[in-house]
Amino acid sequence: MNKQKQPRILVTRIDRIGDVVLSTPIPGEIKKAHHDSFVSVLVRNYTKDIYLNNPHVDEILLFDGVDTKNPKSFWQLVREIRKYKFTHAFMLLPDERLNWILFFSGIPNRIGVGHKLYQFLSFSKYVDRKKYIPLRHEADYCLDMGRKIGIKPKSIEPEIFLSTEEIKKRYELKKKLKPNGEFLVGINSTSGRSSPNLTVEEYRKLIVRLSDEKNIRVVITDNNPPKEIISIPNLDYPNLHQSLRNSIINFSALDVLVSASTGPMHICAALKVPTISLFCPLTACSPKLWGPLGNKSEIILPEENYCSTVCPGDPHICNFSGDGGIDSEKVFQKVKSFLTERGFAH
């Protein structure tokens, strides 16, 4: 990198919530290496709240705009990005349209992932994951782009920053949801089929069991919970139809989150909220690749031979059912042992 010129770096991550959370270490590591750098992120409108109040980000740019019915055009984005005179761009998700937008935006140093033809035609540099050998965390792979320009990361832990007012809201919510000092357990039952997950029936059993514990207060953190769970009496649903930023504040109030490997788990990890997470050991879903970072966490896996003998082989439809899998009782016992370690279980 030319040390005589201010680095102006655009970090692009235009996919899902969990992926965007795992990109959050990058701006801070850039700033540590280059204090005078200008760092911007390009994300979709629905994930921008992850980067709000981040002290390492100078500007948040939107890939699709606020109006989803009238998204930004190719040349509108080119004109918008070109104004910032970026010296570098990191494209964390291979995307041909974005690749050409960055090319026509006049960014001289563009780095993507893999060996796509459009990257070759646009003279982009690349980093190679070499089929996950050795297997590292997704956040660490993301930071390979920084390494490509000489940055030596000191941390791969994700970060979400709350404002003073948001911290005040968090404490007010804690007092409201657990007035008698109960242990606040969040259950996020949905995962958008992005990872193996329990059935709704098993989540319902888990919620009922936990709700019967005198020292536990259960809240459902799904933005749109299944009807089978909404029908359970005496529960709170703080994230129901809330914005992502309001949901982030609500997640920060939890004492622990129980979920599959999904966006809310990564949000909680970035907020240093403890997590108990269901995982599949297959490489593409492995906790080594996608596990929570930077918080106190417990991982629940099926038994060793489950994937080769019982699992359907498709992590998008796997529900951990059958011999050696994961059920509500197994998760309940993990939560209880987690609480015992903290002096909450009787």
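1. Let's start with Phe-123: its relative accessibility is 67%, so it counts as exposed. Bear in mind that this is a predicted model. Phe-123 sits in the loop that links helix H5 (117-121) and strand E6 (125-127). Its phi is near 60 degrees, which is a positive value in a residue other than glycine.

2. Where does Asn-234 lie? Look in the loop between helix H10 (227-230) and helix H11 (244-252). Asn-234 has a phi near 60 degrees, again positive in a residue other than glycine. With 68% relative accessibility, and exposed meaning over 50%, Asn-234 counts as exposed.

3. Now for strand E9, residues 256-260. How many of its residues are buried? The strand is mostly covered, with 5 of its 5 residues buried. Val-256, Val-258 and Ala-260 point one way, while Leu-257 and Ser-259 point the other way, and all are buried. In a regular strand, side chains alternate between the two faces of the sheet.

4. Which strands does E9 pair with? One of them is strand E7 (residues 183-188), in the parallel sense and over 4 bridges. To find this pairing in the model, go to Leu-257 in E9, the bridge partner of Gly-186.

5. E9 also runs parallel to strand E10 (residues 275-278), and 4 bridges join them. Here Val-258 stands opposite Ile-276 in E10. To get from E9 to E10, the chain passes through helix H12 (residues 263-270), making a right-handed β-α-β crossover.

Technical notes. Residues are numbered from 1 along each chain as its sequence is written. This is a predicted model: local features need pLDDT of at least 70, side-chain atom pairs count only at pLDDT 80 or more; totals for chains, interfaces and linings use all residues. Side-chain values use heavy atoms; hydrogens and water are left out. Helices (H or I, at least four residues) and strands (E, at least two) are DSSP runs, numbered from the N terminus. Buried means under 20% relative accessible area, exposed over 50%, partly exposed in between (1.4 Å probe, protein chains only). Two strands pair if DSSP finds at least two bridges between them. A crossover is right-handed if, with the strands pointing away from the viewer, the path from the first strand over the helix to the second runs clockwise.
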